[in-house]
Amino acid sequence: MKTAILVSGVYRPESVRVHIVLNELSEAFPDTDVYFHTWDEHKHLVPDYLNVESCPEPTLNYDTMLDPDTDTD
């Protein structure tokens, strides 16, 4: 079985040099496939030379900024 590393996020070339991170991971783990993942609607922003995977962004039915109710009384 072969392993893979998946770096996930929205591609922002002005803030992070994703290709450098992916290359460094490939050099550190030469027998591992390295991919970048983003949402389908952002895939067109990612350069063709990166190994990119994408999927639809899920619809969340909760507020990600609120803590869950942990009161057990």
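The paragraphs below lead through the strands, the salt bridge and the nonpolar core of a predicted model. Residues are numbered from 1 along each chain as its sequence is written, and side-chain values use heavy atoms, without hydrogens or water. Local features need pLDDT of at least 70 and side-chain atom pairs count only at pLDDT 80 or more, while totals for chains, interfaces and linings use all residues.

Strand S1 (residues 4-8) runs parallel to strand S2 (residues 33-39), joined to it by five bridges, and here Ile-5 stands opposite Val-34. S2 is also joined by four bridges to strand S3 (residues 52-55), again in parallel, with Phe-36 opposite Val-52. Strands (E, at least two residues) and helices (H or I, at least four) are DSSP runs numbered from the N terminus, and two strands pair if DSSP finds at least two bridges between them.

The structure holds one salt bridge, a side-chain nitrogen of Lys or Arg within 4 Å of a carboxyl oxygen of Asp or Glu. Its partners are Asp-33 and Lys-2, at 3.2 Å from N to O; because Asp-33 lies in strand S2 and Lys-2 in the segment before S1, the pair ties together parts that are 31 residues apart in sequence.

The largest nonpolar core has eight residues, among them Tyr-11, Val-34, Phe-36 and Val-52. Such a core is a set of buried Ala, Val, Leu, Ile, Met, Phe, Trp, Tyr and Cys residues joined through side-chain atoms within 4.5 Å, where buried means under 20% relative accessible area (1.4 Å probe, protein chains only). Helix H1 (18-28) and S2 are the elements that give two or more residues to this core.

How values were computed: Buried < 20%, exposed > 50% of the residue type's maximum accessible area, 1.4 Å probe, protein only.
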